[in-house]
Amino acid sequence: MFGRFPLDYSHDDQEIKIRLSDTGSLLKYERECRGSREERYLGRSFSAIHIYPVEPVNLPEPLTQYLEIAFPPVVLPPGAEQTVYVKFPVEIGVFLESNGKQSPLDVFSLVPVKFSLYGLPSSGLITRWFKSDIYPEIPSVDMYREGVMALTLKNCRTENAKVSRAVFDSSSMCLYYGTRVAMTATLEVFSEYLARTTFTDAAPPDCPNRAIDLYRASSFALSTTKGCFMEAGTS
């Protein structure tokens with residue numbers, strides 16, 4: 001379902017239905033997913049439709065740009081570096097192409113949305129919250145529901161570090177797709193209360209295709225950063 005398609009595209013399975021139809025002077029876009037339905041009429045000057053995984057922070061409204069993944073605690077000795085795999089929720093974006101540029105049309109997901117607060121109520125971050133297990137190898141997933149992140153944990157402290165959650169700034173996410181949806185990230189622990197997450201823009205061997213960054217294609221784009229500082233700890 002991911003990729004660039006002509007304007008007579010349709011997709012129909014048990015959970016997702018997408019259809020573009022000719023109504024004469026306009027095109028009609030219809031989408032159904034988990035009981036929600038979207039219907040819009042489109043001008044005929046668009047040249048293609050694109051469907052890609054997008055940063056999972058847009059539903060039900062773009063309330064936050066932060067994704068928080070909670071996972072079982074991992075304890076690292078001083079100076080240690082360990083790569084693990086965690087799952088993250090997938091949101092699916094639909095884009096229209098015009099004059100070689102893509103603009104967002106629709107976002108939907110098969111995964112229920114949960115929010116949380118990272119840090120204090122007065123200064124913390126609202127996050128899209130997701131719970132994952134820890135995997136030593138790439139786990140099997142339904143690519144339309146969950147992606148897999150290769151997460152490298154680095155303990156920069158002179159003491160043991162306990163890590164059981166990571167907060168990511170979605171404005172710098174780098175999503176790839178192929179046999180699955182994938183991201184690569186690093187979590188550096190500097191102290192009991194300070195850590196930083198960053199993304200690596202590199203394609204895994206089984207996911208060679210780069211998705212469109214919704215934040216960069218959207219008119220409601222927020223500030224772009226090169227990482228997220230976690231000032232309320234990692235556990």
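I started with the second largest pocket, which has a volume of about 170 Å³. A pocket here is an open set of points on a 1 Å grid over the protein atoms alone, where a 1.4 Å probe fits, with protein on both sides within 12 Å along at least five of seven lines. Volume is the space filled by probe spheres set on the points, with grid points joined across faces, edges and corners.

Before going on, I noted that this is a predicted model: local features need pLDDT of at least 70, side-chain atom pairs count only at pLDDT 80 or more, and totals for chains, interfaces and linings use all residues. Residues are numbered from 1 along each chain as its sequence is written, and side-chain values use heavy atoms, leaving out hydrogens and water.

Next I listed what lines that second pocket: Y118, G119, L120, S123, G124, L125, F229, E231 and A232. Lining residues have an atom within 4 Å of a point. I sorted them by class and got five nonpolar, three polar and one charged. Gly counts as polar in this scheme; Ala, Val, Leu, Ile, Met, Phe, Trp, Tyr, Cys and Pro are nonpolar, Asp, Glu, Lys and Arg are charged, and the others are polar.

Then the largest pocket, at about 240 Å³. I found 16 residues in its lining, with N58, L59, P60, D106 and V107 nearest the centre. Strand 5 (36-42) and strand 10 (101-108) are the elements that give two or more residues to this lining. Strands are DSSP runs of E, at least two residues, numbered from the N terminus.

Pairing needs at least two DSSP bridges. F229 stands opposite R196. On strand 16 (residues 181-189), I counted five bridges to strand 17, again antiparallel, with A185 opposite F199. A hairpin of five residues joins strand 16 to strand 17. How enclosed is strand 17? Four of the five residues in 195-199 are buried, so the strand is largely enclosed by the rest of the structure. Buried means under 20% relative accessible area with a 1.4 Å probe, protein chains only.

Last, the rings. I found six aromatic pairs, a pair being Phe, Tyr or Trp (six-membered) rings with centres within 6.5 Å. F2 and Y144 have centres 5.3 Å apart and planes at 75°, so they are edge-to-face (over 60 degrees; under 30 is stacked, the rest tilted). The two sit 142 residues apart in the chain. F2 is buried at 12%, and F2, Y52, F95, Y144 and Y177 form one aromatic cluster.

Conventions:
Buried means under 20% relative accessible area, exposed over 50%, partly exposed in between (1.4 Å probe, protein chains only).
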